[in-house]
Amino acid sequence: MRVSLGKQGLTVSRMGLGCMGMSDFYAGRDEAEAIRTIHRALDLGIAFLDTADMYGPFKNEELVGRAIQGRRQEVILATKFGNRRSPDGQFLGISGKPEYVRQCCEASLKRLQVEVIDLYYQHRVDKTVPIEETVGAMAELVRAGKVRYLGLSEAAPATIRRAHRVHPITALQTEYSLWSRDVEEEILPTVRELGIGFVAYSPLGRGFLTGAFRKPTDLAADDFRRGHPRFQEGNFEKNLAQVGIVEKMAAEKKVTAAQVALAWVLSKGEDVVPIPGTKKVARLEENVRALDLRLTARDVQRLDEAIPRGVTAGPRYADMSNVSL
């Protein structure tokens, strides 16, 4: 199933695939399995692939580029720039400078082994550079035929409006799930007013809502979630109550908790496209089956009321200074 993402002409699969964890942040790396997962996604019609230059860093774009060789025409390819990292993984800050935008695009095209990027996002807003300058440089890439559509990630409503006046923004990507519902207040109404599609990253609450974790130590020592506020002792135990609510409905419907959590995001409108990340074929296939799960209006209401906005213990990031700008 394909849906329109925004009003600029881009169509994508109803669900995408987040590729970040194949190369970075989450424990465990198996490149062969990751490539099999991407191939299986394409076979199943999940053709909206999401990566970024900072994942790896740089390695994830290279992996995705290898995986789509010979299948480029099947893929809607999205990548991002703006989070600066050194080759050894050190974070170097955020940049939205026009010259940096151009450099990043050229580097991403080379790593992905493609001639054009379908959807190019500013990964994080640079507080030191007017958004008009950054989007102006991104618009030049569209005119040059190197990028088809433009997106923003974790931008605030006022920033989205300013950017959209410079060049039409096709999609906004921001975290959205049962345990991260703050976008419902202002961001979703704003993008809908402007005809911008919404891409929901971490729709499974970074895996928490699947029920895979029962205590913080279930995470590998090198998994970045060990340091995530919502996975910390104290917050973790409080947030397990949300998992129990999802699991109860999953048991009633004889599906998995992951499928219920994804179906809830899907229920929020065809302009909301979740991109659950996985690096394993089995998990991908489980996630895709959520497309066949239809929650009733009463089901959605039950979840909305049981896991209201703001109930999750802990912020979305340890440092929230670079989101919703």
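This is a predicted model: local features need pLDDT of at least 70, side-chain atom pairs count only at pLDDT 80 or more; totals for chains, interfaces and linings use all residues.
Residues are numbered from 1 along each chain as its sequence is written, and side-chain values use heavy atoms, with hydrogens and water left out.

Start with the sheet. Helices (H or I, at least four residues) and strands (E, at least two) are DSSP runs, numbered from the N terminus. Two strands pair if DSSP finds at least two bridges between them.

Now step across the pairs. Strand 4 (residues 48-50) and strand 5 (residues 76-81) pair in the parallel sense over 3 bridges. Leu49 has Leu77 in strand 5 as its bridge partner. Strand 5 also pairs with strand 8, in the parallel sense, over 4 bridges. There Phe81 has Gln122 in strand 8 as its bridge partner. Strand 8 in turn runs parallel to strand 9 (residues 147-153), joined by 5 bridges.

How many residues of strand 8 are buried? Buried means under 20% relative accessible area, exposed over 50%, and partly exposed in between (1.4 Å probe, protein chains only). In strand 8 (residues 117-122), 6 of 6 residues are buried.

Contact means heavy atoms within 4.5 Å.

Helix 2 spans residues 59-67. Its buried residues are Asn60, Glu61, Leu63, Val64, Gly65 and Ala67. Their cover includes helix 1 (31-43), strand 4, strand 5 and helix 3 (98-112).

Helix 8 (residues 257-266) is mostly covered, with 10 of its 10 residues buried. Among them are Gln259 and Trp264. The cover of helix 8 includes strand 11, helix 7 (235-253), strand 12, helix 9 (281-288) and helix 10 (297-306).

The loops deserve a look too. Pro57 sits in the loop between strand 4 and helix 2. The peptide bond from Gly56 to Pro57 is cis, with omega near -10°.

Two loop residues other than glycine have positive phi. Glu154 lies between strand 9 and helix 5. Its phi is near 60°. Lys254 is found between helix 7 and helix 8. Its phi is about 60°. Which of these is buried, and which exposed? Glu154 counts as buried at 1% relative accessibility. Lys254 is exposed, with a relative accessible area of 75%.

Thr170 is found in the loop between helix 5 (157-166) and strand 10. Thr170 is buried, with a relative accessible area of 1%. Leaving aside neighbours within four places in sequence, its contacts include Leu5, Leu119, Tyr149 and Ile196. Val183 is found in the loop between strand 10 and helix 6. Val183 is buried, with a relative accessible area of 0%. Beyond four places in sequence, its contacts include Thr174, Leu188 and Phe198. The C-alpha atoms of Val183 and Ala200 are separated by 10.0 Å, and the two lie 17 residues apart along the chain.

Finish at the second largest pocket. On a 1 Å grid over the protein atoms alone, a pocket is an open set of points where a 1.4 Å probe fits, with protein on both sides within 12 Å along at least five of seven lines; lining residues have an atom within 4 Å of a point. Its volume is about 290 Å³. Of the 15 residues that line this pocket, the closest to its centre are Met1, Arg14, Leu266, Leu291 and Arg294. Grid points are joined across faces, edges and corners, and a volume is the space filled by probe spheres set on the points.
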